[in-house]
Structures are given as structure tokens and as C-alpha cells.
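Work through the exercises below with the sequence and the model open side by side. Each task is followed by a solution in steps.

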Amino acid sequence: MEPRLVGPGPYRATRLWNEIIELFRAGMPLRKHRCRFKSYERCFKASEAVECLHELLGSNQNFGPEVTRDQTVKLLKKFLKNHVIEDIKGRWGKEDFEDDGRLYRFPPSSPLKSYPKKPSCGKEVIKFPDWNEPRAGPSQEHIPVKSVAMNSEMWYKRHSIAIGEVPACKLVFRRELTQTNIEEIWKSMTLSRLQKVLGLDSLDEVLDTKLVNSKHIVQNVYHVNKQGIVTLEDKSKELPHWILSAMKCLANWPCCSDLKQPTYSGFERDVFKTIVDYFSQMKEPLLTFNFFDIFVSVLGLLQKPSKAVEALQISCLLLPPENRKRLQLLVRMMARISLNQDLPRLSESVRTRTLMVQAFSRCILCSKDEIDLDELLAAKLVSFLMDNYQEILSVPSALKSSIEDHVVHLQRVQIKYAGADSDSALPPPSFCHQITTGDFEYQRATGSQEPLAALLEEIVMNKEISVKDKKKKLKQFQKSYPEVYRVRFPSPETEAMLFPEKTKQNPPKLMWALKKPFQPFHRTRSFRM
């Protein structure tokens, strides 16, 4: 059975759990083993299971080679608890699996987790608040505007392609947007973009949008210092000074100006342990329990790094400002420590980068309800964060520009036509869908040629203008829009039918008209002589 990439979407953790169980059952070699003078068919040693599963996880693109053997043992403990495996006596339900020589086997049928059934919903349309209420003061809302008739004569004079009657229009003064309005715009457009990047029809099954605080998004975008770190209005939510000093000490090792470094051996390990203890005692991870599913869903995009970075950029904007600031400081420290060659090793048995992931993954991402794969998923996400933290934890400039442009548009004076919605000029933001070249050409042709064809027909059927003027207008139209003219008059014969030649009838000749008129007498020179 070949491993497959589990993309973003609802119940991704459950889908990954079932995927690993199927791969493990299909790839684990089963042999005959002896234990206490007794033979057991189709079973395996615990150490063999660790070796096999560790190799499977390392080669699986959903997890990657950074999965450790210790994490593999923890996953097998959960396998034993959930009756994915059992010992040779049929016992299961406890997490007492160890990396040793004890024998285990698969039960007759391995339980795969079922997906919760939720009512299917169509594509989510994020609604925008209505800000079209007229502001106080004089307005042109009730000023009558006379409709202007645009006939073919005016078209000829102005070289316009207007058709029929132009509807009545008026100026609509938008009332000044409040801070609440702007925050709701930020929330709506941010969630709309996140849904598009994830490629989902709806965010309902991965995110409760009611839990997204629009004020948090705006503060995370605009209240930042020169380094891009969020600044907090409530100073009581800042990290304690002693923790900040400890983090700066390791991040900037050996150049640390905040404190005088003791000279005893192992000082850096004590500082690191202090930081780990502080973040481990938090009641909620930095990415919060409410956003666990959305961040797990983003993990399905890691094969497309640019999309994964954008999705994480937007998702991190949803965090409470104090959580975002702590995440920025912590991940930056982790990345610097893992790359610092001058810092002494913080562990004798584990590489520094792996130690960073193991120590802080659960304080960054974990589920409120115990999820069997949350530790592996958190490790995958934290590794990607460390590699791309400068871009991920910055404000997405493209999203910021598009929202700011939309806000400016809403504050401008707009032209509203009778019977039309005032927001018809700029509908709620949506994202383009690619179409074929043929569809584009068809839309362009039908969108521009139909009004021109109607105008040509109006000229043809107009009986109030003279034949001379009609020919002149048709010649002007043919010169400007030959393709439309050719459709209406495909041949000279069809054009000639519009102006049929009248047969001239000669008047009857009278009899006296046949005789030569009387010729007067002319003198000649010879006669005069």
C-alpha cells in the first residue's frame, strides 16, 4: 500500500490516523516467535514494531524524517490503548508499550475511527455589513434626475455606442465608516482569503468563525514595532521580564547584554530548562484550542510551500495579540538557537534542532481533547515554522493592500442608478476562476457585440431619417465595427435590399414632339454679297 498525501480539510487528524493504521498493518512483517517454551504465529516483537513504524513515518510525506524513535514509541502506546495492537494474550487498553522484546499481534479487525456526520453545506458566502445608510446633512437622495434619451442621432454626433435610454442616476454619499465597520471588513476578507488558499468550499468544519475576534486581526496588523513584533495595549499580558532576559540570553549567545553570565558549566542548560518550564505550564497552547483544526488543515499544504506560508500567515493573524507576540518571540529564539554554532549543546543525546521541536511543540499546538497524532502533527508544524518564521509571522502585504483599497472605495462618493443596488459597482470581494480561451473570446464577443448589433438595427429600422443620412450612418458604422456590420449584411445583396432601386417610367411622347421644331432663316455670306 502506497502512502498518500492527506490534504487540507475537515477531520484531517482522523484521516491521518486511519492512514497510518492501514500502512502499519500492511507493512509490518509477521513471523512465528517463541516465548516461555511456547510458539505464537503471526506476531512481532515490540522493537520490530518500533523499527517498522519509525521507517514508515519517516518516509511518509505527511510526517517526514524528523519523527524520532521516542515519538514512534509514544504512538505505539496509543495503538495499544486503542486496540490497534494487542499482546499475545489478547490484552490491550493500557499505554504500557515499551521498546523491548515483548510480543504483540494485530487483532482480527483493527478499529478505524469514523468521521462525525455533519450536514453538508454549500459554498460559504461571507456576508459583508451594509454601510449604505445616508449620513446626516444635505444629500442628493431625493433630487429628481431627468432621464436622458440617447438615440442614434446623438450616437452619430458623439461617436458613442450608448443604446436606448440611460436610466436615472444619483450620487450616493457613503457615511463615514466606524472602527467597528472596518474591523468587520478585515474579518470578512481575511476569512474569505483563507478559505480560498485552503481550497475549501466552507470553513465551517475546520473553524468556528464566531470565535474569530475582528479586533485581534486589526491589532495584529497595525500595532507592531520596527521588528514586526506585536505591541500590546495591556502591559499585564506581557511576558515576565526574567523570561524575556533568559530568551534573549540564549538567542544572542554569547553576546548577551541584559545580564552578567555566570561562569559555571551547564549554565545555558539551566536557562533553557527555565524557559521550557515556563511555557510548559501554560493552560492553553499559543495557537489556542479553538484554532487547532485550522492549523492541522494547513499542514496538508506543506508540499506547496508558498501556499502553506500564506495560509499560516493568515491563520496567525487570527490569534489573540498576546499569543501572537509570544509565538513570534519563542519561534525566533528557537530558530536562532538551532543555528547557533557557538552555543554549547543543550543535550548530549539529542540534536539541538530536534530538542527545540520536542521541548516546545506541545506548548505551540495541541488539542483540547487528546488526539492520538497531535504530537506528531505539532512537531511537523513547528519544524516548518522554524524554517519560515520571518515570513509566516509577518503581516501579509497583499491581503493588507486589498483590504485597505476596499475600505477606501467604500468611503468614496458613488453613482447609483435607479433600481440598482448601490454596491453593484463593487460586489463583495471574490476570487477569479480560470476559464478557457474559448470561453473568454465568447464572453468578450457576446458582451460587446450585442449592444452594437442592437444599435445597427435601430439605424436600419429608423424611418424618420432620410435615405442619404441613413447611408452615411451605415457607412460610418461599417468603418468602425466591420465585424458587427458583416453579420447583419453578409453580402452586398442583403445590403442592396435595404435600398431597392426605383424603376423610372418615361412619360408618353406626344405627336408634335416628333416633328422638328421650326428652324429660323439664317443668312449666308454669299447672299450678302
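**Exercise 1. The hairpin**

Task: find the number of residues between β1 and β2 in their hairpin, and the residue in the turn with a positive phi.

Solution. Strands β1 and β2 form a hairpin with 2 residues between them. In the turn, R36 has a positive phi of about 55 degrees. Strands here are DSSP runs of E with at least two residues, helices are runs of H or I with at least four residues, and both are numbered from the N terminus. The model is predicted, and local features need pLDDT of at least 70, side-chain atom pairs count only at pLDDT 80 or more, and totals for chains, interfaces and linings use all residues. Residues are numbered from 1 along each chain as its sequence is written, and side-chain values use heavy atoms, with hydrogens and water left out.

Next, look at the pairing. β1 and β2 run antiparallel and are joined by 4 bridges; two strands count as paired if DSSP finds at least two bridges between them. R34 stands opposite S39 in β2, and R31 stands opposite C43 in β2.

**Exercise 2. The sheet**

Task: give the order of the strands in the open sheet of 4 strands, and say which are the edge strands.

Solution. The order is β1-β2-β4-β3, with antiparallel pairing. The edge strands, each pairing on one side only, are β1 (31–35) and β3 (86–87). β2 (residues 38–45) pairs with β4 (residues 103–105) over 2 bridges, in the antiparallel sense. There, K45 stands opposite L103 in β4.

α2 (residues 46–59) lies across β1, β2 and β4 and runs at about 25 degrees to β2. Angles run from 0 to 180 degrees between N-to-C directions, and axes are lines fitted to C-alpha atoms, for helices over the stretch in contact.

**Exercise 3. Salt bridges**

Task: find the salt-bridge partner of R31, then that of K32 and that of K81.

Solution. A salt bridge is a side-chain nitrogen of Lys or Arg within 4 Å of a carboxyl oxygen of Asp or Glu. The structure holds 20 salt bridges.

1. R31 pairs with E48, and their closest N and O atoms are 2.6 Å apart. This pair links distant parts of the chain, R31 being in strand β1 and E48 in helix α2, 17 residues apart. R31 is partly exposed, at a relative accessible area of 42%; buried means under 20%, exposed over 50%, and partly exposed in between (1.4 Å probe, protein chains only).
2. K32 meets E41 in a salt bridge of 3.9 Å, N to O. K32 is exposed at 53%, and E41 is exposed at 55%.
3. K81 forms a salt bridge with E95, with the closest N and O atoms 3.9 Å apart. K81 lies in helix α3 (residues 69–81) and E95 in the loop between β3 and β4, so the pair ties together parts that are 14 residues apart in sequence. K81 is partly exposed at 37%, and E95 is partly exposed at 34%.

**Exercise 4. Helix packing**

Task: describe how α10 and α13 pack, giving the angle and the distance between their axes.

Solution. α10 (residues 305–317) and α13 (residues 374–392) pack at an angle of about 80 degrees, with their axes 10 Å apart. That makes α10 roughly perpendicular to α13, since angles of 65 to 115 degrees count as roughly perpendicular, under 35 as roughly parallel, over 145 as roughly antiparallel and the rest as oblique. In α10, P305, A308, V309, L312, Q313 and C316 meet L381, F384, N388, E391 and I392 in α13. Contact means heavy atoms within 4.5 Å.

**Exercise 5. Burial**

Task: list the buried residues of helix α7 and name helices that cover them.

Solution. In α7 (residues 241–251), the buried residues are I243, S245, A246, M247, C249, L250 and A251. Their cover includes α8 (267–280) and α11 (321–339). For the whole protein, 40% of the 529 residues count as buried. The protein's secondary structure comes to 20 helices and 8 strands.
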